[in-house]
Every structure is written in structure tokens, then in C-alpha cells.
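Trainee: Hi, could you walk me through this one? I'd like to talk about domains and then a sheet.

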Amino acid sequence: MTPPEPTTPGGAHAEARLVSAPSRPAGLLVHGVHVLDPRTGLDGIHDVLVRDGEIAEIGAANSLSAPAGVELVDGAGRHMFPAFVDPHVHLRTPGQEHKEDLETGTRAAAAGGYCALIAMPNTDPVIDSAPILGALFERAARDARVPVGFMPCITRGQAGRELTEMAELRAMGAAGFTDDGRPVVDAGVMRRALQYQRLCGGVLALHEEDPALSGKGAMHEGEVSALLGVAGIPSVSESTMVARDCALAGYEGGRIHLQHLSAHESVAAVAAAKARGVKVTCEASPHHLTMTDEDVRSLDPRRKMNPPLRCAEDREALVEALRSGVIDCIATDHAPHARDEKEVPFEQAPMGTTGLETAFSVVYTALVAPGTLRLELVIEKLTSGLGLIGLLVPEIAVGEPANLVLVDLDAEWVVGQNGYESRSDNCAFAGRRLKGKVLLTVAAGAVAYRERSIMLSVTSSEGHRSRQETSSEGHRSRQETSSEGHRSR
Amino acid sequence: MRHLLSIEDLSRDDIERILDRAAAFAEVSDRDIKKVPALRGRTVLNLFYEASTRTRSSFELAAKRLSADVVNFAASGSSVEKGESLKDTVLTLTAHSPDAIVIRTPYAGAAALVASWTTAAIINAGDGKHEHPTQALLDVHTLRQKLGSLDGRSIWIVGDVAHSRVARSNILAFQAMGAHVTVCGPPTLMPRGIESLGCTVRYDLDDLREADVVYALRMQNERMDQHFVPSLREYAAQYQINDRRLGPRQVLMHPGPVNRGVELSGEVVDSPQAVITMQVKAGVVVRMAVLYEVLAGARDARTAPRPTEPQLA
């Protein structure tokens with residue numbers, strides 16, 4: 001008996017897909033804005049013209065005049081960056097739409113300045129087969145306000161035993177593979193996935209945790225957990241798995257991406273692996289970069305996440321690793337949970353915090369404003385996450401699709417005071433006063449978010465435009481920003 | 001004081017004020033008619049999500065001796081078994097306008113969480129492995145009766161520190177009262193970082209003689225399934241307080257219930273050094289003082305006005 005023919009061609013050269021709902025290409029002229037793009041080297045006051053969703057012109061300050069039908073935005077005192085990308089979010093679709101769905105999750109992303117996301121597969125059912133992945137692409141083409149890609153599971157049912165049909169999933173446009181939320185506990189299964197990667201391509205994104213060591217822990221094991229009497233999750237439960245998977249990836253020549261590093265021992269393990277040539281990249285979250293277990297003293301369930309907020313030494317090691325390049329990108333691990341799920345005692349609460357709407361402001365307030373990190377570095381780390389898996393790297397350059405975010409660095413706001421775009425409100429930063437506010441997000445050429453104050457300041461150079469004029473610009477029937485020549489590694 | 005959530009929140013002055021009042025209430029317990037009208041017309045709700053006999057009955061007696069009305073609400077046989085959340089249960093019970101809720105749950109921080117949902121005064125009767133503040137207060141009360149002052153005393157807490165809310169509250173309370181605390185137990189049952197509370201950590205009883213007070217913790221049989229120690233036999237050999245180890249001038253305490261032959265030998269339980277029944281007796285008067293503190297004491301002070309609406313934070 002011969003094995004059945006695959007229904008679709010697979011292979012290492014399959015392209016990952018990012019999908020969003022049809023949207024109207026933007027026409028904008030931002031006057032006199034401080035443009036900062038660490039990749040193109042732009043760092044100064046410019047006019048930026050976006051026409052038909054593309055960056056059409058970048059000129060000297062106040063040198064460009066708006067063509068007919070283009071909205072004028074005052075950029076004075078404001079900054080423009082390439083919009084952010086997030087390789088690690090939970091959009092809870094299918095099955096947990098009471099927490100989040102593609103529409104609310106991408107709306108939250110747009111409000112945080114994001115232009116592309118990768119959704120994790122620990123949904124209900126989990127994303128582990130072609131029909132489920134296909135249905136999600138269809139749903140995203142209807143509901144997603146910014147382009148979304150999907151990482152299906154490494155193992156069937158996310159159970160850690162048998163590999164999913166990775167070649168077929170990859171051929172459909174899987175952005176990579178992950179069992180996020182859970183580790184691949186069995187080293188033999190991990191090794192097999194790395195071997196199979198030679199056929200199907202796609203980065204393996206890994207949640208590093210040895211459950212035998214993390215046990216029933218609910219927070220970082222240390223002085224605070226000792227005081228609170230809450231079972232601890234030791235940092236070695238992460239770092240030993242980081243070391244194991246770096247060794248396996250090195251042995252098999254595989255490509256891995258380590259999610260949400262939290263411990264200084266993990267940083268050291270990744271640095272050592274990179275030094276000996278292992279193809280490994282990694283991410284850190286805004287909460288791990290800016291909070292510690294001291295912030296868990298109140299046992300606020302919104303500050304319960306996995307991996308947990310660790311101690312000051314760990315946080316400092318993450319910041320230093322971001323600076324040194326050991327950590328490649330910032331990813332939010334946006335993990336919405338319904339209010340009644342989180343309004344329970346700490347030990348009972350599910351793990352996770354939302355993060356898309358606060359990521360930039362949190363990192364800016366805690367690390368850039370006090371002078372710990374340079375703004376360019378933070379922008380670079382907020383925009384590099386999808387490039388690591390062979391996808392979109394947004395750039396501010398003429399001819400590029402417009403993926404832009406306009407920010408007022410001096411504006412202050414209180415997290416949650418005006419609610420959230422996300423369906424859930426389990427934000428670890430709730431109530432904090434932050435500096436730096438996203439005013440406008442352009443994702444894949446379309447305006448995805450506009451802060452209310454910006455709406456008021458927008459003027460049309462040609463006065464009021466009619467609906468007909470607007471629609472004559474043409475709708476994109478189905479906008480697909482599929483990796484545009486970026487090949488998977 | 002509006003709530004009693006943890007010893008961590010209390011100063012030495014707070015502890016002394018409560019215990020001085022407990023000493024005054026002790027006289028009530030010795031009367032023929034063991035009742036004063038201090039809390040007449042007040043309602044105290046006992047909300048227990050974990051099995052408890054001595055703590056619950058001690059709170060019930062304490063409330064009744066102050067003439068309060070008492071309602072007992074146990075998790076088994078209640079709407080909790082039908083899947084009602086803690087918050088919904090608390091909001092439902094709050095609709096009956098209790099003045100105080102005494103709550104025990106298996107979860108750290110639950111008492112503080114409940115305090116944010118209701119206008120009632122909250123007394124933590126044990127939240128997971130976090131704290132058991134009234135136990136610590138009654139232990140300090142017992143030692144003040146026995147030794148006078150705790151200043152400069154050496155107190156050894158022996159046993160399963162990791163899973164003990166009693167240990168955590170007592171470390172804080174004994175230290176607040178000027179004692180030096182040593183925790184001693186199997187390394188597998190010693191929480192990493194516990195020394196940051198200011199106590200000394202030991203893994204053997206070699207220097208137990210330096211202790212003025214030996215406080216043995218209950219070795220819970222259910223922990224044996226998780227193999228924290230090789231066997232109860234080995235545990236007893238290493239950590240049992242028995243007549244070879246306990247000196248004649250040392251005070252022996254235990255929060256109960258005792259596993260005779262495990263953490264304590266039978267003869268030391270019955271020895272004159274043991275103050276275990278004094279602790280039980282102190283439980284009622286200390287809890288009277290705590291109830292009085294949060295219900296009548298707060299009214300006297302008028303420090304924190306009560307919110308009129310539940311805070312649905």
C-alpha cells in the first residue's frame with residue numbers, strides 16, 4: 001500500500017500567509033513628523049505621503065502638498081515609526097470567542113500600533129489540521145483588521161506525541177509551528193519535529209518549560225513566593241529546556257524560535273547556543289522586561305502569567321540581552337481571558353495578560369524615557385518579530401506598502417481608563433500611567449486605527465469628500481500580504 | 001482596623017492592642033454565664049471552603065460570647081458544589097448584610113480579594129498556604145501568658161514549612177514581637193527564599209537546645225503521596241520532637257491536630273512543657289478580640305468610613 005498523495009504541494013519553499021479583511025487603501029499626507037526607522041536610517045522631520053496604500057513620497061518638512069482626496073495629518077511634535085509586528089498573540093479563535101476573536105484582537109493590535117500578528121494554536125479545538133487552518137484563513141479574510149498569520153501545532157491535539165501534518169499545513173501557508181502554552185516535553189518528539197522541518201520548513205516556536213520542575217507553581221519561585229506561600233515556578237524549569245532544545249536544534253541543524261524568555265539562565269543558554277552557531281532566535285515580552293515578582297505581591301490575578309514575572313536580576317538580564325542582541329524581538333504574548341475567569345483567587349486564575357494595546361507605551365515609559373534603552377533599539381525590536389520567521393519587516397521607504405504608526409511620545413494616559421479594544425480586560429498594567437500614545441496605525445496600506453484626537457485634527461485638502469470619491473479609489477477585494485518574496489528559513 | 005487579612009499588615013502595637021483586649025475577654029470565658037453584649041445585633045458569617053473543626057468552632061464560640069448572630073456556611077452541601085464562583089457566593093451572602101465574614105479557602109490572597117467585593121469586615125481564617133493570622137495571634141497570646149515577653153526569645157518552628165500557612169504567619173508575628181525565629185525541616189519542604197523573611201534556616205535539630213520555644217508543625221499525611229520525604233519513619237527519626245530532644249525548660253507548641261508518633265512523640269504531647277490546650281483556649285479569647293477589633297474597634301476609631309456600595313472591582 002502506498003501512502004496517499006498529499007493534496008497540496010508542500011516543501012521548504014512554501015510561503016507563509018498573512019490575511020486580513022478587505023480594506024480601503026489609505027491616502028494620507030503627514031506633515032512635519034519626526035520619522036524614525038532604524039532599518040532605513042531615517043531619523044528626522046519629514047513629510048510622508050501615502051497614496052493607494054503605498055508610501056509614495058518622503059520629503060523635507062512641509063515641502064509636500066496634499067493631492068486631491070488625500071487626508072492631511074499634522075505630524076508636528078509627533079513621531080512616525082514602522083508599525084509593529086507581533087509573532088506571538090492569542091486571538092482565541094476558534095472556540096474561545098468570549099475572550100477574544102479575530103476582529104477584537106486585531107482591533108486591539110491596531111490600537112497598539114501593530115500591522116501584523118501571528119496567532120497561536122492553543123484554541124478549542126487546537127489548530128492542528130488543514131481544515132481548521134483553512135477555516136481560520138477564511139475567517140481572517142472577513143474579520144481581521146490587520147493581517148494575521150497562524151502557527152499550527154507541532155503535535156496533534158497539542159498533546160506532545162505525534163507530529164501534525166506539517167507539510168500540508170505549511171503548503172497552506174502556516175507561519176511556522178508551535179505548541180505554545182505547552183512545551184514539547186518529549187525530547188524524541190522534539191528531535192523528530194526538527195528532522196521533519198527539513199521537508200516542510202517553518203520555524204518551530206517553543207514554549208520552554210519542564211513541567212516536572214514547574215509543577216503546580218503559580219508564580220516565580222523566590223523570596224516573594226516564599227512570603228506568599230504560593231507554589232513557585234523555578235527559573236530552571238525554563239532554562240533547562242532552553243538548553244535542551246538548543247542542543248537538539250544544533251545537532252539536527254534545525255531552526256527554532258524561543259518564546260517569552262523570562263530567566264537570566266535562559267538568556268545565558270541562548271547566548272551560548274548562538275555563539276556556537278545554533279539557528280535560534282528568541283523573544284521577550286513587555287511585562288517580563290518591565291515587571292518583577294515584586295509586582296505580584298498583591299496577588300492580582302491579572303499579573304499571573306506563564307512564564308511568571310521573575311526577579312529583578314532576571315528582568316535586568318532580559319533588558320541587557322535586548323541591548324546586546326541575544327534577544328531578537330519584543331512579543332506581547334497577548335493572552336486575553338474573560339473577566340469572570342480572572343476574578344478568582346490568584347492560584348485558580350488562568351495564566352496570561354493582554355498586551356497589544358500597551359506594549360509600546362509600557363516599554364517606552366519604563367525603559368526608553370528613563371534612558372535605559374534607545375528608542376531606535378526598541379522600534380527595531382518591536383518590528384523584527386515577523387522577519388525572524390521569514391515574514392514581513394515593515395519599512396518606511398518609498399514604494400513600500402504603508403505599515404506606519406504615528407505616536408505622541410509626550411502624551412500620557414492611564415491603562416484601562418477608557419476601556420480596551422480587546423474583548424478582555426485582564427491587563428497586568430491596568431491603572432498605570434504611561435507615556436507615549438498611539439494616534440494612528442496604517443497596516444498593509446489601510447488605516448487600521450485612529451485615536452479620537454487625530455480624527456478631529458484630520459483635514460481634507462479638498463474639503464469634504466463624498467462617498468463616491470472615496471469608493472472610486474477602489475476597494476481591494478481580498479487583500480493578502482503573503483510574505484512578498486520573503487522566503488521561510 | 002477594618003479587616004484582618006494577614007500578620008504582615010500588623011504592627012507590634014496592633015498585635016499588643018488586640019492581645020490586651022483578649023486578656024480582658026479571658027475573664028468572660030471563666031464566668032458561669034459566658035456572654036457579653038458587645039456585638040449584640042451584629043451578624044458574623046463563617047464561610048469555610050476547607051474542612052476545619054477547631055478554627056470554625058472557635059470563631060463561632062467567640063462570636064456567640066460577644067452576643068453576635070452566627071451563620072455557618074460550608075462549601076460542601078452549598079451552591080459552591082453546584083459550581084458557583086467565589087465572587088458570586090460572596091455577593092449573594094453580602095446581600096444578607098453580614099457585618100463580618102470569617103473566611104477560609106485553599107487559595108492564597110482569597111481573603112483580600114473577598115474584602116474588595118463586600119462591605120463586611122473580612123477575617124482571614126486561612127488562605128491557602130499564605131497566612132493564618134488568628135492562629136499566630138493566639139500563639140503569641142499563649143506565649144505572652146507563659147513567658148511574659150517574647151523579646152530576645154529563640155523560637156524554632158519545625159516541620160513542613162513549605163505547606164504551612166501557620167509557619168508563615170508565626171514567623172512574622174514572633175519576629176514582630178521581638179523573638180528570633182529559626183525554621184527547621186526537610187530541605188524538600190523548605191521554601192526557597194524563606195530566609196528573606198528574617199528567619200534562620202536549619203535542616204537538622206542538632207542545636208534545638210538553644211530554643212526557648214519549640215513549635216512543631218503538622219506533618220500532613222497527604223504530602224506523603226508527593227514523596228517530599230522518603231518515609232514518615234525517616235521523617236520522625238530526623239525531626240520528631242520527643243523526650244530525648246525536648247529540654248525541661250523549653251515550651252512546646254503545636255497548631256493541632258497532632259499526629260502522635262510523627263512530628264511529636266506521645267510523651268511530649270502529654271508533658272508539662274506542652275501548651276497545646278492553652279493554645280486552643282486562647283483561640284476563643286483572641287478571636288473575640290479580633291471580632292471586637294474589626295466590628296466595634298473600627299466604629300470607635302471611625303478611621304475608615306465604610307463604603308455604601310460593594311466594590312465590584
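Predicted model: local features only at pLDDT ≥ 70, side-chain atom pairs only at ≥ 80, totals over all residues.

Trainee: Okay, chain A to begin with. Which domains is chain A divided into?

Mentor: Domain 1 of chain A covers 28-80 + 432-472, and domain 2 covers 83-399. Taken over C-alpha atoms, their centres are 31 Å apart.

Trainee: How many residues does each side put into the contact?

Mentor: Domain 1 of chain A brings 24 residues and domain 2 of chain A brings 26 residues.

Trainee: And which elements of domain 1 of chain A give two or more residues to that side?

Mentor: They are strand 1 (28-37), strand 3 (54-60), strand 17 (433-443) and strand 18 (446-450) of chain A. Strand 17 of chain A gives the most, with 8 residues.

Trainee: What's the split into nonpolar, polar and charged on the side of domain 1 of chain A that touches domain 2 of chain A?

Mentor: That side has 15 nonpolar, 3 polar and 6 charged residues.

Trainee: Nice. Switching over, what does the domain assignment of chain B give?

Mentor: In chain B, domain 1 is 7-132 + 283-301 and domain 2 is 133-279. The C-alpha centres of these two domains of chain B are separated by 25 Å. Their contact takes 22 residues from domain 1 of chain B and 21 residues from domain 2 of chain B.

Trainee: Which element gives the most on the domain 1 side in chain B?

Mentor: Helix 1 of chain B does, with 5 residues. Helix 1 (12-29), strand 4 (121-127) and helix 9 (276-301) of chain B each supply at least two residues there. By type, the side of domain 1 of chain B that touches domain 2 of chain B has 10 nonpolar, 6 polar and 6 charged residues.

Trainee: Now the sheet. In what order do the 5 strands of the open sheet in chain B run?

Mentor: The order is 7-6-5-8-9 in chain B, with parallel pairing. Strand 7 (200-202) and strand 9 (251-253) of chain B each have a single partner strand, so one side of each has no neighbour in the sheet. On average, neighbouring strands are turned by 20° against each other, direction ignored.

Trainee: How many bridges join strand 5 and strand 8 of chain B?

Mentor: Strand 5 (residues 154-158) and strand 8 (residues 213-216) of chain B pair over 4 bridges, in the parallel sense. Within that pair, V158(B) is opposite A216(B) of strand 8.

Trainee: Last one: which strands does helix 6 of chain B touch?

Mentor: Helix 6 (residues 165-176) of chain B packs on the sheet and touches strand 5, strand 6 (180-184) and strand 8 of chain B. The direction of helix 6 makes about 155° with that of strand 6 of chain B.

Notes:
Residues numbered from 1 in each chain as written. Chains lettered and ligands numbered in written order. Domains from an automatic or database assignment. Contact = placed C-beta atoms within 7 Å. Nonpolar A, V, L, I, M, F, W, Y, C, P; charged D, E, K, R; others polar. Pairing = 2+ DSSP bridges. Axes fitted to C-alpha atoms, helices over the stretch in contact; angles between N-to-C directions.
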